[in-house]
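Me: I'd like to learn how to read salt bridges in a model. Could you walk me through them?

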Amino acid sequence: MIYGIALGSNLGDRLGNLRDAVRLLVDGNLSLIAAAPIYESEPVDCPVGSLNFFNTVIEVEAEMEPLVLLGFLRSIEAELGRAEKREHHAPRTVDLDLLYAGDEVMQHQELILPHPRMTVRRFVLQPLADIRPDLILPGQGRTIAELLHALVSDEPLLKLVVQDWAL
């Protein structure tokens, strides 16, 4: 199954954290299909004093169910230093969010697919539009590129950090 995963980091070596996360995903038998450029963004809904994030989106192929992949993503977050118990939106070494799983729609207490807020977050839509502009998510009538173009947001524009960075 093809999965979209958003990656973010705002503590420590942000670029290194994102690279480490991708390396661990690939080491876990996921195939990297595409990696969007990394953008820097201001924190959204984070505690005062939070540092800027590096954000990107990758697409992977995996032979596992979405909830199993979610557990794997959480284990990578922990391995890279993200505390299990933390303040909501607290600064973090790495944040891995499952955005979509093919055409699957899921309403589970641990996971909602497609991710319910991804279409209102510039720091997700921009990198996703870089690698999958024509993607139409289940329940949407517009492409990712169209959603990005129509986005009304107070988020400032993103700053491109690096184009080719993964593996």
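Reply: Happy to! Arg14, Glu40 and Lys159 are joined in a network of salt bridges. This is a predicted model, where local features need pLDDT of at least 70 and side-chain atom pairs count only at pLDDT 80 or more, while totals for chains, interfaces and linings use all residues. Residues are numbered from 1 along each chain as its sequence is written, and side-chain values use heavy atoms, leaving out hydrogens and water.

Me: What counts as a salt bridge, and how many are there?

Reply: Side chains of opposite charge can pair when their charged atoms come close. The rule asks for a side-chain nitrogen of Lys or Arg within 4 Å of a carboxyl oxygen of Asp or Glu. That gives 7 salt bridges here.

Me: Which residue does Arg23 pair with?

Reply: Arg23 pairs with Asp27, with 3.8 Å between the closest N and O atoms.

Me: Where do Glu59 and Arg132 lie?

Reply: Their side chains form a salt bridge at 2.5 Å, N to O. Glu59 belongs to strand β4 (residues 53-61) and Arg132 to the loop between α3 (122-131) and α4 (144-150), so the pair ties together parts 73 residues apart in sequence.

Me: Is Glu59 buried or exposed?

Reply: Glu59 is buried, at 4% relative accessibility (buried means under 20% relative accessible area, exposed over 50%, partly exposed in between, with a 1.4 Å probe and protein chains only). Arg132 is partly exposed at 28%.

Note on methods
Helices (H or I, at least four residues) and strands (E, at least two) are DSSP runs, numbered from the N terminus.
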